[in-house]
Each structure stands twice: as C-alpha cells, then as structure tokens.
Amino acid sequence: MVQIKEGDKVPSIDLFEDSPANKVNIADLCAGKKVILFAVPGAFTPGCSKTHLPGYVDKAGDLKSSGAAEIVCVSVNDPFVMSAWGKQHNASGKVRMLADPAAAFTKALELGADLPPLGGLRSKRYSMVLEDGVVKSLNVEPDGTGLSCSLADKIKL
C-alpha cells in the first residue's frame, strides 16, 4: 500500500463519535463539502493537548468562515476517550472528535507510526483539506509527531 496523497479519495471507513454505537463514515461525512481533517498520535498527550487540538478549537470560527464545513480530529483511541478529550477542550460545535479504535482509517491512509510508549500503532501527526472527499492538501509532520506543518495556522483553504 502507498500513503494517501493529494488527488486521492478518502477511504470509506467508519470512525466513531462519542460511543461505539455512533458510527461516522468518513467518506460520507466529506461528500459534497470542504473538510479539514487532522490526526494526532494520542488524546491527552502533551503536544496534542497543549498545541494541536487547542489551535483548531481556537481557529474553528475563522476556518469555517473561510469555507470549511467541518473540522475533524482523528486519533487511534476509543470513542469515550476522544469524547472526554473534546469536552476538556470545549471542542463541541467546533471540532468533531472521531475515534479510530482499531486504526483502520490510519492503516488505510498508510499514516501509522509504531509508538510503543503510547500503546503501539498510532497515527502520525498530519492535517489535510478534503473537498468532496478528495485530498486537496496533505501536511504530514516530517518526523510523524512534531508540531510544525500540521497546525491550524498552516491550513490553506
């Protein structure tokens, strides 16, 4: 398999919001609209909690007024953890917190990283802009975990 790239369609994979009962198909979510999707190695981790997620929460209004219909955060965590993390950062109505518990989405994009201290397979840190489910821009952190090119202030709509 090859890492997803600009021009590719996002795969049709179910992620989870708030609980295992609430499936969100990412391809369906992106259909017909512009979506910012960013991924983090883990909820409640220092870089993710101090910088990455708060940046998108703070800039959600500007990003949405510039054309983003949805802002989505994905992590290889369970939906309860993602929900609690979103609540802690007042993400409701700003950033949708979607769990990829078995890393199916992460694996399909070929954007996984083996991080044993965080439990094994996790997502690399990245951001992408999708239009009607097609990747228009993709920003993968060079080392997979740093905080430079995938931050909210680097998004170009």
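**Exercise 1. Work out whether His89 is buried or exposed in this predicted model, and find what it touches.**

Step 1: Start with the number. His89 has a relative accessible area of 17%. Buried means under 20%, so His89 counts as buried.

Step 2: Now place it. His89 sits in the loop between H3 and S5.

Step 3: Look for its contacts. Leaving out residues up to four places away in sequence, His89 touches Ser49, Leu53, Pro54 and Val57.

**Exercise 2. Find which residues of helix H3 are buried, and say how they are arranged around its axis.**

Step 1: H3 covers residues 79-88, and its buried residues are Pro79, Met82, Ser83, Trp85 and Gly86.

Step 2: Look down the axis of H3. These buried residues fall within an arc of 165 degrees, so they line one face of the helix.

Step 3: An α-helix has 3.6 residues a turn, so residues three or four places apart point the same way.

Step 4: Turn to the face of H3 directed away from the buried side.

Step 5: Ask what covers the buried residues of H3. The cover includes strands S1 (14-16), S3 (34-40), S4 (70-75) and S5 (96-99), along with helix H2 (46-65).

Step 6: Check both ends. At the start of H3, a side-chain oxygen of Asp78 comes to within 2.8 Å of the backbone nitrogen of Phe80. Just after H3, Asn90 has a positive phi of about 50 degrees.

**Exercise 3. Trace the salt bridges of Glu70 with Lys33 and Arg96, and find which network they belong to.**

Step 1: Take Lys33 to begin with. Its side chain meets that of Glu70 in a salt bridge, 3.6 Å from N to O. This pair links distant parts of the chain, with Lys33 in the loop between helix H1 (26-30) and S3, and Glu70 in strand S4, 37 residues apart.

Step 2: Next comes Arg96. Its side chain meets that of Glu70 at 3.4 Å, N to O. Arg96 is in strand S5 and Glu70 in strand S4, 26 residues apart.

Step 3: Salt bridges with shared partners join Glu17, Lys33, Glu70 and Arg96 into one network.

Step 4: Compare the accessibilities. Glu70 counts as buried at 14%, while Lys33 is partly exposed at 28% and Arg96 is partly exposed at 23%.

Conventions: Residues numbered from 1 in each chain as written. Predicted model: local features only at pLDDT ≥ 70, side-chain atom pairs only at ≥ 80, totals over all residues. Heavy atoms only, no water. Buried < 20%, exposed > 50% of the residue type's maximum accessible area, 1.4 Å probe, protein only. Helix = DSSP H or I, 4+ residues; strand = E, 2+ residues; numbered from the N terminus. Arc of directions from axis to C-beta. Contact = heavy atoms within 4.5 Å. Polar contact = N/O pair within 3.5 Å; in protein donor to acceptor, adjacent residues only side chain to side chain. Salt bridge = Lys/Arg side-chain N within 4 Å of Asp/Glu carboxyl O.
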